[in-house]
Amino acid sequence: MIHQNLLKKHQLDPIAEKVMACLEGKVSPMLYGHLMMVVRGFDEDMQLEMAEDIVSFANEHIAHTTGVISADFTLDVCYLMIAYDHNILKKRVRSKIINRMHA
């Protein structure tokens, strides 16, 4: 029973998964997989909101927030990774971000 609850909790909501599928071809396959994994850590409603925000950023480079600190922090990291993937960060900023992520 506990195992089933944990599996259900860490699955991606089917609607959020369809929204995230819009990222295919917009980001690298490795980043796509990582973004899918990151969104799984939230409940179904937040997954959908985050998926919409991530896809919006990948398409328009406009950041949105949810009002939930943990989700917004996660979105900020996702936005940075997408910006890096899209090569829109200056080289100096990229190296600082990478150093902080590995610290």
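1. His 61 is partly exposed, with a relative accessible area of 36%. The model is a predicted one. His 61 belongs to the loop that joins H4 and H5, and its phi is positive, about 60 degrees, although the residue is not a glycine.

2. His 61 follows helix H4. That helix covers residues 44-60, 17 residues in total. From first C-alpha to last, H4 reaches 24 Å, close to the 24 Å expected at 1.5 Å a residue.

3. At the other end, Asp 43 caps the N terminus of H4. One of the side-chain oxygens of Asp 43 lies 3.2 Å from the backbone nitrogen of Asp 45.

4. The buried residues of H4 include Met 46, Met 50, Ala 51, Ile 54, Val 55, Phe 57 and Ala 58. Gln 47, Asp 53 and Ser 56 are also buried. An α-helix has 3.6 residues a turn, so residues three or four places apart point the same way. When checking the model, look at what lies over these buried positions: the cover includes helix H2 (14-20), helix H3 (29-39) and helix H5 (69-85).

5. Asn 87 is another residue other than glycine with a positive phi, near 60 degrees. Asn 87 sits in the loop between H5 and helix H6 (91-102). Is Asn 87 buried or exposed? Asn 87 is exposed, because its relative accessible area is 51% and the cut-off for exposed is over 50%.

Notes: Residues numbered from 1 in each chain as written. Predicted model: local features only at pLDDT ≥ 70, side-chain atom pairs only at ≥ 80, totals over all residues. Heavy atoms only, no water. Helix = DSSP H or I, 4+ residues; strand = E, 2+ residues; numbered from the N terminus. Expected span 1.5 Å × (residues − 1). Buried < 20%, exposed > 50% of the residue type's maximum accessible area, 1.4 Å probe, protein only. Contact = heavy atoms within 4.5 Å. Polar contact = N/O pair within 3.5 Å; in protein donor to acceptor, adjacent residues only side chain to side chain.
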